[in-house]
Amino acid sequence: MGEKHNTNPSEILEAGKLNELRNLIIGLDHQELERLQNLIRDPHIFAEEISELLPYSVRKLIEKGELAIDSLQPFIEDAMHKSIQNNPKRLADILFPIMGPAIRKAVSEDLKRMIAAVNANLEAGLSPRSFKWRLQALLSKRSYTEILLANTYIFHVSHVFLIHRETGILLNQEIAAESTDLESDMISGMLTAIRDFVQDSFKSAASGSLDVVQVGDLNILIEQGPHAIIAAIVEGQPPADYRLTLTETVEAVHFNHATDLEKFDGATKVFVHTSKFLKNCLQKEKKEKKSNVPWPLIFILTIILGLIFWLTYLNFDRNKRFNDFVEKLDELPGYHITKTEKRNRNFFVYGLRDFQAGTYDSLLAQSRFDSSRLKLQLEPYISIEPAMVLKRADEIINPPSSVIINYAAGNLFLSGTASEEWVNQAIENAYKIYGVTNLDTSRLNQKTDIPQPDLEWIIPAIEKYTFIFEMNVVSLSAKQQQQFDSLVQAAVHLDDYNNMYNKKMAIYVRSYTSRTGNVDANMRVAVKRAESFASLLKDAGLRDELLEAQVLFTEDVNVSQMLRSVRFEVFEKIE
Amino acid sequence: MLGAFAVGKTSLVQSYVHSIFSERYQTTIGVKIDQKNLCFNDTDVTLMLWDLYGDDDFMKMKPSYLIGSSGYLLVADGTRNDTINVALRLQEMASETTKDAPFILLINKCDLIDSWEVEQETLNKLEQKGWKIMLTSAKDSIMVEEAFSLLTQMMLEKN
């Protein structure tokens with residue numbers, strides 16, 4: 001067929017002319033026309049072609065205002081609703097990456113708000129400033145809120161008026177939540193009158209206009225448009241860019257209400273939609289950039305924590321002192337503690353106390369424990385501790401100073417010299433001493449065996465001892481007690497020597513301290529230690545004349561001496 | 001409110017309007033603005049009333065205050081003939097500035113009819129020109145409310 005066409009010259013000519021004519025009329029050649037026909041006939045190709053244009057067309061329609069977003073909204077909402085109904089997981093998957101951060105942000109914002117609110121309440125309630133402001137409000141007859149705002153904000157826009165330029169009629173207004181209502185209609189009129197008055201009165205500045213009215217801290221910023229003006233009532237000094245906000249608002253109002261403003265006939269209802277623009281102008285800025293650190297909260301928490309710490313420390317300290325007291329009481333001869341208990345803020349001590357045990361008053365004073373809280377329930381008993389047995393022996397057999405008594409495991413040892421009469425009495429009465437099962441008198445009156453009092457052995461026997469104590473406590477441990485007894489025995493020999501040779505030998509009871517730190521305090525402690533030890537020796541039966549407490553500095557002695565130690569030196573007293 | 005000095009403009013309105021500003025504004029910037037709310041034919045109407053300083057040798061009325069007015073009350077003193085002339089002059093100015101906004105001529109102080117200077121013939125001539133004229137007394141509250149109502153009606157009709 002095609003060949004047939006081509007071979008017919010008249011037809012070729014016709015076809016050529018037809019094409020030419022078509023080109024002239026519709027500007028399309030045959031091939032182009034065929035492509036378009038194919039495009040329309042084939043729905044797949046047509047749809048593909050249209051798909052490229054459709055989004056662009058929709059955008060254009062929206063931009064022109066011929067298609068409103070609002071009219072698309074129901075379709076989009078329906079589509080989403082159906083999609084969620086069909087497959088909710090799909091939407092959950094889509095939202096998942098943003099849900100976590102969103103929730104975290106919301107929680108953190110809420111927390112921040114709560115802290116800020118607590119802070120603000122604390123500040124408002126506690127600060128002396130709030131009292132000052134209340135007084136200011138009372139005196140100036142303004143509301144406390146006004147005073148608070150004026151003092152808290154660098155600037156604060158309380159009212160924004162949109163005023164018709166020609167008539168001075170108030171078209172719309174926005175008022176900050178915390179501000180009071182004004183007679184806005186009349187104020188708008190008066191502002192317009194003032195603006196006219198200024199412009200008429202100072203015609204030399206014809207190009208200018210009234211932009212600001214300032215009364216004290218109050219500024220009325222006026223931004224003029226061709227048909228309407230915006231007046232913002234500002235307390236304080238607004239930032240420079242606030243003027244730009246007003247300019248943009250005037251522009252926005254004119255852009256959206258150009259016709260309404262031009263043909264204004266007194267009806268103001270149509271301008272209610274300008275509120276969204278006017279609200280942008282209700283700005284405020286806090287005076288002090290609040291630090292993110294909630295100081296008042298931290299202050300309160302610190303006080304609470306400090307209080308808790310202090311009470312805990314007090315409790316700990318009280319318990320420690322109680323435990324120390326109980327421990328030392330238990331070590332005291334004639335006392336045996338079986339149980340301690342803390343109940344109803346009182347401290348109970350249960351145990352046994354020998355009839356002849358000494359008092360614990362000095363121990364209690366030393367521990368600085370509140371005695372009103374101490375409840376001692378001590379049952380009487382008879383102790384067979386050596387110290388208690390010796391005490392009983394002292395009372396029952398009453399040994400002369402020349403006799404030394406010792407006790408160990410039921411045996412009472414007597415040594416030294418004594419009259420036969422006393423020895424017989426002692427033998428007779430020894431068994432009345434509770435705890436004594438055997439009396440050993442083998443070393444009594446054995447003059448040949450007992451060394452004669454001689455300084456050669458007495459002095460080393462005294463000076464060999466060193467007692468080391470805690471900081472400022474002079475209390476003998478069990479081991480020290482034995483050494484102490486031996487020391488006392490040696491000192492008795494020194495006394496015998498004095499009696500025998502009419503000498504005045506004595507013992508320095510020396511405590512050592514250092515010059516480092518607080519010398520006075522060191523000295524006081526050392527003196528107390530030396531005197532305490534000397535009084536222990538006196539309690540053990542030594543005569544006062546035999547002892548002399550003395551303190552030496554470790555720096556002053558040749559041989560190194562340990563701090564908190566007590567040592568002894570025998571010397572001859574010179575009258 | 002337009003009129004010569006001391007014709008009683010302020011007295012005419014002061015007991016009929018809501019005012020928050022002092023009369024000092026009139027002598028300082030030349031105007032005091034008051035508000036009058038009324039109900040006309042079941043419609044709430046708010047009139048913003050610009051009470052202008054009386055035109056005299058010391059202070060001329062500022063024409064810019066008239067721009068945008070929907071209507072005005074022209075006030076003259078019945079006991080002073082020259083105040084009619086001032087009113088005529090002011091009306092010419094106002095008519096031009098307000099693009100023929102409706103107005104009413106109020107001849108005030110009609111309670112002092114014995115010392116009346118304004119001749120009826122003058123008023124008749126003005127009425128023939130189409131002027132609305134009302135005789136008022138601020139002192140005895142004669143025809144004041146009516147004047148406001150009539151002006152409101154005229155303004156609404158013009159719109």
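User: Is E341(A) buried, partly exposed or exposed, and what is the relative accessibility?
Analyst: Keep in mind that this is a predicted model. E341(A) has 28% relative accessibility, so E341(A) counts as partly exposed.

User: Which residue forms a salt bridge with E341(A)?
Analyst: R343(A) does, with 2.8 Å between the closest N and O atoms. R343(A) is at 35% relative accessibility and therefore counts as partly exposed.

User: How many salt bridges are there over all chains?
Analyst: The structure holds 13. One of them joins R243(A) and E223(A), whose closest N and O atoms are 3.0 Å apart.

User: Where do R243(A) and E223(A) lie?
Analyst: R243(A) is in helix α10 (residues 242–256) of chain A, and E223(A) is in strand β4 (residues 218–224) of chain A, so the pair ties together parts 20 residues apart in sequence. E223(A) is buried, with a relative accessible area of 14%, and R243(A) counts as partly exposed at 24% relative accessibility.

User: What about D34(B), what does that pair with?
Analyst: D34(B) forms a salt bridge with K32(B), and the closest N and O atoms are 3.0 Å apart. Both D34(B) and K32(B) are buried. As for shared partners, salt bridges join D495(A), R543(A) and E545(A) into one network.

User: And K9(B), what is the nearest side chain of opposite charge?
Analyst: That is D51(B), 5.5 Å away. K9(B) is buried and has no salt bridge; the cut-off is 4 Å. K9(B) is in helix α1 (residues 9–14) of chain B. A polar atom of the K9(B) side chain lies 3.2 Å from the backbone oxygen of A4(B).

User: Switching to cysteines. How many disulfides over all chains?
Analyst: The count is 0.

User: Is C281(A) buried or exposed? And C39(B), buried or exposed?
Analyst: C281(A) counts as buried because its relative accessibility is 0%. C39(B) has 53% relative accessibility, so C39(B) counts as exposed.

User: Which residues make the nonpolar surface patch?
Analyst: F299(A), I300(A), L301(A), I303(A), I304(A), L305(A) and I308(A) make a patch of about 670 Å². L301(A) lies in helix α13 (residues 295–331) of chain A and counts as partly exposed at 46% relative accessibility.

User: Last one: where is T136(B)?
Analyst: T136(B) is in the loop between β6 (132–135) and α5 (144–158) of chain B. T136(B) is at 0% relative accessibility and so counts as buried. The C-alpha atoms of T136(B) and E146(B) are 9.6 Å apart, and the two are 10 residues apart along the chain.

Terms used. Residues are numbered from 1 along each chain as its sequence is written. Chains are lettered from A and ligands numbered from 1 in the order in which they are written. This is a predicted model: local features need pLDDT of at least 70, side-chain atom pairs count only at pLDDT 80 or more; totals for chains, interfaces and linings use all residues. Side-chain values use heavy atoms; hydrogens and water are left out. A disulfide is a pair of cysteine sulfur atoms within 2.5 Å. Buried means under 20% relative accessible area, exposed over 50%, partly exposed in between (1.4 Å probe, protein chains only). Patches are made of residues with over 30% relative accessible area and no salt bridge: like charges are joined within 9 Å, nonpolar side chains (Val, Leu, Ile, Met, Phe, Trp, Tyr) within 5 Å. Accessible areas come from the Shrake-Rupley method with a 1.4 Å probe; for residues, only the protein chains shown count as cover. Helices (H or I, at least four residues) and strands (E, at least two) are DSSP runs, numbered from the N terminus. Lys and Arg count as positive and Asp and Glu as negative; His and the chain ends are not counted. A polar contact is a pair of N or O atoms within 3.5 Å; within protein, one must be able to donate a hydrogen and the other to accept it, and residues adjacent in sequence count only if both atoms are side-chain atoms.
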